[in-house]
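Welcome! Take a look at the chain below, then work through the exercises one step at a time.

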Amino acid sequence: MASTSETGNAKNVDNFGVLIADIISFGAKYNPSNPFLLVTALKAKETSARASINAVSSASVLYSNVSNRRENAFKPLNSIVTRALNSLRSSTSTQNTDAAMAAIARKIYGTRAASTKAAARKAAAANPEAKAVTVSVSQRSYDSLTDNLDRYVEALASTPEYNPNEEELKIVSLKAFAAELRALNSECNTASCALYGARTARNTELYAPNTGLVDLAITAKTYVKSAFGAASPEYKRIASIKFKTIKP
């Protein structure tokens with residue numbers, strides 16, 4: 001389901017199309033001196049604004065898909081880390097070695113991204129403007145997880161006593177697992193940046209002062225009010241067409 005803000009963005013563009021259709025029906029009497037209010041310019045703005053909304057939708061779907069894949073891939077992490085730690089403890093390793101490895105494991109447990117992500121969702125629901133911040137915090141958690149997992153695997157690899165028989169706990173398997181998580185996290189980071197860029201471009205198209213769709217719509221309505229009069233049928237036809245500035 002689309003968010004309220006995304007729906008509002010699309011509604012602004014839809015209403016802009018209605019406004020243009022009404023303006024076209026006014027014929028040659030609609031003759032603004034402002035080149036940005038010419039019908040050709042308004043049509044071009046409608047096209048670019050709608051394209052920017054579609055770009056956000058595409059980027060959002062891509063980010064959601066890769067984010068879900070990443071979240072699923074990270075689910076076995078705690079279990080794998082714990083099993084490897086217990087395998088080390090059951091070997092001939094020293095208490096100091098076990099303690100050092102447990103310290104790294106605790107960093108992985110302590111930055112568990114899933115719990116941070118859940119907290120981010122709650123914060124975003126309570127305050128939509130906090131969404132970008134909470135998602136950023138969640139992203140850093142995944143970055144920390146991959147960094148600490150790499151440290152963990154390298155530490156195990158440099159510990160001669162760690163030599164499990166279980167295939168999924170062998171160093172080669174752990175390195176493959178860590179590489180998979182890092183690749184997915186990198187892909188998700190890229191998708192997140194693309195989504196941020198698409199939203200920024202969309203916001204510029206719709207809400208930039210003077211040249212954004214909303215300001216142009218309001219200015220066009222003001223021109224019609226001036227050219228035809230506040231009590232004219234032309235102005236009354238477009239006066240009720242609403243445009244809202246949506247907070248990003």
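**Exercise 1: The overall pattern**

Which pattern does the chain follow when read along the sequence?

*Solution.* Keep in mind that this is a predicted model. Reading along the sequence gives α-α-α-α-α-α-α-α-α. The chain has nine helices and zero strands. It holds 248 residues, and 40% of them are buried. Now look at contacts between residues at least 6 apart in sequence: 75% of these join residues at least 24 apart.

**Exercise 2: H3 beside H4**

Work out how helix H3 and helix H4 are oriented to each other, and list the residues that meet.

*Solution.* Step one: locate the helices, with H3 covering residues 77–89 and H4 covering residues 95–110. Step two: take the geometry, in which the two axes come within 10 Å and cross at roughly 175 degrees. Step three: apply the cut-off, since angles over 145 degrees count as roughly antiparallel. H3 and H4 are therefore roughly antiparallel to each other. Step four: find the contact. From H3 come Leu77, Asn78, Val81, Thr82, Leu85, Leu88 and Arg89, and they meet Thr97, Asp98, Met101, Ala102, Ala105, Ile108 and Tyr109 of H4. Sorted by class, this contact of H3 with H4 has nine nonpolar, three polar and two charged residues.

**Exercise 3: H3 beside H7**

*Solution.* Next, the residues: Leu77, Ile80 and Ala84 in H3 touch Leu174, Phe177 and Leu181 in H7. In the contact of H3 with H7 there are six nonpolar residues, no polar ones and no charged ones.

**Exercise 4: Following the salt bridges**

*Solution.* Start with an idea: side chains of opposite charge can pair when their charged atoms come close. The count comes to seven salt bridges. In one of them, the side chains of Arg50 and Asp14 meet at 3.2 Å, N to O. Arg50 belongs to helix H2 (residues 39–74) and Asp14 to helix H1 (residues 4–25), so this pair ties together parts 36 residues apart in sequence. Arg50 counts as partly exposed because its relative accessibility is 32%, and Asp14 is partly exposed at 37%. Finally, Glu46 joins Asp14 and Arg50 in a network of salt bridges.

**Exercise 5: Two further pairs**

Describe where the partners lie in the salt bridges Glu168 with Arg83 and Asp147 with Arg182.

*Solution.* Glu168 sits in the loop between helix H6 (131–157) and H7, while Arg83 sits in helix H3, 85 residues apart. With 37% relative accessibility, Glu168 counts as partly exposed, and Arg83 counts as partly exposed at 33%.

Now the second pair: the closest N and O atoms of Asp147 and Arg182 are 2.8 Å apart. Asp147 is in helix H6 and Arg182 in helix H7, 35 residues apart. Asp147 is partly exposed, with a relative accessible area of 41%, and Arg182 is partly exposed with 34%.

Terms used:
Residues are numbered from 1 along each chain as its sequence is written. This is a predicted model: local features need pLDDT of at least 70, side-chain atom pairs count only at pLDDT 80 or more; totals for chains, interfaces and linings use all residues. Side-chain values use heavy atoms; hydrogens and water are left out. Axes are lines fitted to C-alpha atoms, for helices over the stretch in contact, and angles run from 0 to 180 degrees between N-to-C directions. Helices (H or I, at least four residues) and strands (E, at least two) are DSSP runs, numbered from the N terminus. Angles under 35 degrees count as roughly parallel, over 145 as roughly antiparallel, 65 to 115 as roughly perpendicular and the rest as oblique. Contact means heavy atoms within 4.5 Å. Ala, Val, Leu, Ile, Met, Phe, Trp, Tyr, Cys and Pro count as nonpolar, Asp, Glu, Lys and Arg as charged, and the others, Gly among them, as polar. A salt bridge is a side-chain nitrogen of Lys or Arg within 4 Å of a carboxyl oxygen of Asp or Glu. Buried means under 20% relative accessible area, exposed over 50%, partly exposed in between (1.4 Å probe, protein chains only).
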